[in-house]
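I begin each with what I looked up.

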Amino acid sequence: MGINIISMGSYLPEQVLTNEDFKKFVDTNDEWIRTRTGICSRHMAGWEPTWYMGKQSALKAIERAGIDPKEIGLVIVSTITSDFLTPSIASVIQYEVGAENAYAFDINAACSGFVYAVDTAERFLRTDENLKYVLVVATEALSRFTDFEDRGTCILFGDGSAAAVIERSDKMYSSFLASDGSGARKLFARNVQIASQVKVESDFDDGFPEKPMHQLYQDGKEVYKFAVKALPTAFRSAAEKIGITSEEIDRFVPHQANIRIIETAAKNLGIGTEKFIVTVDHHGNTSSASIPLALCEAIEKGDIKRGQKLALVGFGAGLTYGSIILEY
Ligand code: COA
């Protein structure tokens, strides 16, 4: 079985921060940011709730699908920047969009989250015959967890949301999901303060760098090394299952973290970057929202057309990675 992406919608908060704007917070410049990351600007949510951005993108996707929200049977939201520990943002959005017959839950797989969420939707559609439509939303407000005094990380991230309405279909589909928790300390934000005098029977917490709660820590170089390997590995692992090659893929939609990661991964796959959808220049890294934001924009611009073979490839904190190959 596979899926059909019926429609998509996206939402970006109004405020835009350019590279120049970062000079107000940290010692940086446009040239450094552009050449090291490919980023020129990104959107900022301010105190706009994460769920609210998700609701806006979901409403657009539902309207474009032309369905009654009551026909949605499941709402899955991918986020690492929830407004709540509980309830899930999925429950909030389920109520706010009128999907009154849906069950709902959140997924946290960091920047791989949309890939995880769509693959989860596919599995639910495969096993629950009463399920007709799944609403998948990725919504992120990274700016709320960014240390604006850390010039190595604050310039990378942006906020936004995108959503998809999905149904089952017999179109081509393959997926691959992976996680390597030994890399947890390379990219993390703590939710509670760990008391150092409390000893547990595991050395997992040893070696975690110090960082205040709710602020993102990143070992940029290590994450970079992981990302340039994870992207081709994730693609190949899904591709081998259905015997498809990178040449046969029409469009790659990778996680938008850094243009250099995308260029190196394309080289590792032996293909040109022209097949890659790139929005990191004006979105920055919006974690799990980055793949659907790029996908939605490319569909709206006509860069992705019905019948094309797509590879969605994510990687991020966890460390997680994964990919989905599907026909649009
Ligand atoms: N502006 C100007 N200089 C900066 C800077 C900034 N915003 N951030 C760091 N620098 C400086 C550093 O202090 C360092 O100076 P030094 O040589 O005097 O010590 C120099 O630039 C090089 O820093 P370094 O960290 O080695 O740069 P880099 O080439 O590794 O690039 C990243 C940094 C963060 C862009 C890069 O490591 C990266 O993209 N990593 C992956 C991040 C990522 O994608 N994370 C999300 C994954 S989901």
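I worked from a predicted model, in which local features need pLDDT of at least 70, side-chain atom pairs count only at pLDDT 80 or more, and totals for chains, interfaces and linings use all residues. Residues are numbered from 1 along each chain as its sequence is written, and side-chain values use heavy atoms, with hydrogens and water left out.

Entry 1, the partner of S1. I found that S1 and strand S7 (residues 159-169) run antiparallel and are joined by nine bridges. Opposite Ile-3 I noted Arg-168 of S7, and for Ser-7 the bridge partner in S7 is Val-165.

Entry 2, the sheet. I traced an open sheet of five strands, with mixed pairing and the order S1-S7-S6-S4-S5. S1 and strand S5 (103-107) each have a single partner strand, so one side of each lacks a neighbour in the sheet.

Is S1 (residues 2-11) largely enclosed or open? Nine of its 10 residues are buried, so the rest of the structure largely encloses S1; buried means under 20% relative accessible area (1.4 Å probe, protein chains only).

I located Ser-290 in helix H8 (residues 290-301). Ser-290 is buried, with a relative accessible area of 2%. Its side chain and that of His-255 form a polar contact of 2.7 Å, meaning a pair of N or O atoms within 3.5 Å, where within protein one must be able to donate a hydrogen and the other to accept it, and residues adjacent in sequence count only if both atoms are side-chain atoms.

Key
Buried means under 20% relative accessible area, exposed over 50%, partly exposed in between (1.4 Å probe, protein chains only). Helices (H or I, at least four residues) and strands (E, at least two) are DSSP runs, numbered from the N terminus. Two strands pair if DSSP finds at least two bridges between them.
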